[in-house]
Amino acid sequence: MAENDNGSNGIGWFLAGLGIGALIGVLYAPKSGKETREELVLSAKEARDKANQYVERGKEQLDEYIDRSRQYYERGRSQWTEYVEKGKDFLHEQQDKVAAAVDAGKQAYSRKTVEEPSNEHSA
């Protein structure tokens, strides 16, 4: 962001310097009034053209920043989706493992309870 501030300040200083230079040129130039007016008009047109160039460059940079931010957004969004899917898969795997462990525990308990009564009667 500091670069953007320096760029806009640079344009302002450039235009101010251009205006001051033109004013000093008018005051000290040994030219006729018509020549001076033509030179002022030319300087103003050059300043306008230069300012338009800076504006166009700024627009191009802004478009680049927007495109780059869209790319980062899309990349982040796809990574987030990937992480969510991996998390869901992990949870399903853990649920399956827990369910298998519970079933194994139930079966072991059932076998144990079925075997114990028969062992007591034979003793």
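**Group meeting: a two-helix model**

Glu82 and Lys86 form a salt bridge, and their closest N and O atoms are 3.3 Å apart. I start with that contact, but please keep in mind throughout that this is a predicted model. Both residues belong to helix H2, and because they are 4 residues apart there, about one helical turn separates them. Glu82 has a relative accessible area of 42%, so this residue is partly exposed.

Let me step back to the whole chain. The protein chain has 2 helices and 0 strands. Helix H1 covers residues 2-28, and helix H2 covers residues 33-122. How much of the chain is buried? Of the 123 residues in the protein chain, buried residues make up 2%.

Now back to the salt bridges. How many salt bridges are there? The count comes to 6. I have already shown the one between Glu82 and Lys86, and I will go through two others.

One is made by the side chains of Lys59 and Glu56, with a distance of 3.8 Å from N to O. These two residues both lie in helix H2, 3 residues apart, which is about one turn of the helix. How exposed are they? Lys59 is partly exposed because its relative accessibility is 46%. Glu56 has a relative accessibility of 42%, so Glu56 is partly exposed as well.

The other joins the side chains of Asp67 and Arg70, again at 3.8 Å from N to O. Asp67 and Arg70 are 3 residues apart in helix H2, so about one helical turn lies between them. The two ends of this bridge fall into separate classes. Asp67, at 42% relative accessibility, counts as partly exposed. Arg70, at 53%, counts as exposed, because the cut-off for that class is over 50%.

Next, the aromatic rings. The structure holds 1 aromatic pair. The partners are Phe14 and Tyr54, with ring centres 6.2 Å apart; their planes stand at 75°, so the pair is edge-to-face. The cut-off that matters for this label is an angle over 60 degrees. Why does this pair tie together parts that are apart in sequence? Phe14 lies in helix H1 and Tyr54 lies in helix H2, so the contact links parts that are 40 residues apart in sequence.

The cut-off for buried is under 20%.

Last, a feature on the surface. Which residues form the nonpolar patch? The residues are Ile20, Leu23, Ile24, Leu27 and Tyr28, and together they have about 600 Å² of accessible area. Leu27, one of these residues, is placed in helix H1. With a relative accessible area of 61%, Leu27 is exposed, because the value is over 50%.

To recap, the predicted chain has 2 helices and 0 strands. The nonpolar patch on the surface includes Leu27.

Conventions
Residues are numbered from 1 along each chain as its sequence is written. This is a predicted model: local features need pLDDT of at least 70, side-chain atom pairs count only at pLDDT 80 or more; totals for chains, interfaces and linings use all residues. Side-chain values use heavy atoms; hydrogens and water are left out. Buried means under 20% relative accessible area, exposed over 50%, partly exposed in between (1.4 Å probe, protein chains only). A salt bridge is a side-chain nitrogen of Lys or Arg within 4 Å of a carboxyl oxygen of Asp or Glu. Patches are made of residues with over 30% relative accessible area and no salt bridge: like charges are joined within 9 Å, nonpolar side chains (Val, Leu, Ile, Met, Phe, Trp, Tyr) within 5 Å. Accessible areas come from the Shrake-Rupley method with a 1.4 Å probe; for residues, only the protein chains shown count as cover. Rings of Phe, Tyr and Trp (its six-membered ring) pair if their centres lie within 6.5 Å; planes under 30 degrees apart count as stacked, over 60 as edge-to-face and the rest as tilted.
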